[in-house]
Amino acid sequence: MSNVICSCLLGDNAKVRLRLSQLLHSEIGEIYGQDQDEAGNGYTCEVELQGCRREFFNNPEGFFLSVGQQVIVATDGGYDYGIVDSTGLIAMKKLKLKGLDKPGTERLDILRLADEQDSLVIAELQRRKEEIREICTTKVKKHDLDLKLVDVELRMDQQKLSVYYTSAHRVDFRSLVRDLAGEFKARIQMVQITTREEARRANSFGPCGCLLCCSSWLPKIHANPFADKSQYPDTSCSDTHAFNITGICNRPKCCLGYSKHDRPHVQGSGLPPSVPPVGSKVSTPSGEAVIESVDMQKKLVLLRYIRNDQRRKIPFDKCPTLFVKK
């Protein structure tokens, strides 16, 4: 996997994501039957932060914000910069879809619009990023830690440094944290990420020849139950087939989730009548759940409970007594 890290907020990939968001806002009348101006700018906005992270912030000052504007937002004990990704009705729809509109949910505020001085600070942080990465890499080698450094993020107020890494084992990085804190005079946060997140942060191309979907336009990385290898029993042992469905993160490709309806053979002709198809909503003694995937080889059904988002595998023979299809 490439070690060239995407600049995220200021790179070409970010421009793709922003353009998609701008197109969505321009079609609000076609989608929801009203204009963005009629929906109001609102007091909740979605802001993209470093590392392709998107969070919702309050707009208590009532700034008129548009997609692509740079803003300064409050963080845990400081401030950082971000780019507005959605506002008004679109932001409220996303907030509701993610279940973050419940009463009592606290959100941080947008402090102000970014000015020229902030732009200079942001540019300086981008310039120092490779230098900071080299220092962190040297420190990791010095302490002989079994981890792979993926990315670093220095917050705009320079009071917090986040170090993203991957590792197959548990790592005792306490000595490394003390060393980095003394070097940068900032709070150090070590964040272990998955190979999917590593692929997202790498400026790489997929086997199709295009930029990775996860780093160019996908708003969120999530498990892809429809790309499960076990759903392709007829060619699951083929090396060519494995190459076709596996991305550079060594996980099923995200794009397979968008072609699931074109593969009617996924369910298999041997699926028992008591087992509902993938995507069905069922009722269980523990609450409503959704069928996420069906493993024909192991004869297991993967359930995801809507109430707490927990997952559970159950055998085929328990399906008739455990739930009924809705």
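A residue is called buried when its relative accessible area is under 20%, exposed when that figure is over 50%, and partly exposed in between. Keep that in mind as you look around this predicted model.

**Stop 1: the whole chain**

Show everything as a cartoon. Now colour by accessibility: of the 326 residues, 42% are buried. The accessible surface comes to about 18,000 Å², and carbon and sulfur atoms account for 52% of that area. How do contacts run along the sequence? Counting contacts between residues at least 6 apart, 59% join residues at least 24 apart.

**Stop 2: the largest nonpolar core**

Select Ile132, Cys136, Val152, Leu161, Val163, Leu180 and Phe184, and show their side chains. These are the residues with the most contacts inside the largest nonpolar core, which has 23 residues. As background, nonpolar side chains tend to be buried together in soluble globular proteins.

**Stop 3: around Val163**

Centre the view on Val163. Leaving aside neighbours within four places in sequence, Val163 is in contact with Cys136, Leu149, Asp151, Val152, Leu180, Ile188, Gln189, Met190 and Val191. Another core, of 13 residues, lies apart from the largest one; to find it, select Met296, Ile314, Phe316 and Cys319, which are among its members.

**Stop 4: an aromatic pair**

Select Tyr165 and Phe173. The model has one aromatic pair, and here are its rings: their centres are 5.9 Å apart and their planes stand at 70°. Why is the pair called edge-to-face? Because planes over 60 degrees apart count as edge-to-face, and these two are at 70°. Are the two partners buried or partly exposed? Tyr165 is buried, because its relative accessible area of 4% is under 20%. Phe173, at 22% relative accessibility, counts as partly exposed.

**Stop 5: cysteines**

Finally, select Cys136 and Cys213. Cys136, which you met in the core, is buried, with 2% relative accessibility. Cys213 has a relative accessible area of 28%, so this residue is partly exposed. How many disulfides are there in the model? The count comes to zero. For reference, a disulfide is a covalent bond between the sulfur atoms of two cysteines.

Technical notes:
Residues numbered from 1 in each chain as written. Predicted model: local features only at pLDDT ≥ 70, side-chain atom pairs only at ≥ 80, totals over all residues. Heavy atoms only, no water. Buried < 20%, exposed > 50% of the residue type's maximum accessible area, 1.4 Å probe, protein only. Contact = heavy atoms within 4.5 Å. Areas by Shrake-Rupley, 256 points an atom, 1.4 Å probe, with all protein chains shown as cover. Disulfide = S-S within 2.5 Å. Core = buried A, V, L, I, M, F, W, Y, C linked by side-chain atoms within 4.5 Å. Phe/Tyr/Trp six-rings, centres within 6.5 Å; stacked < 30°, edge-to-face > 60°.
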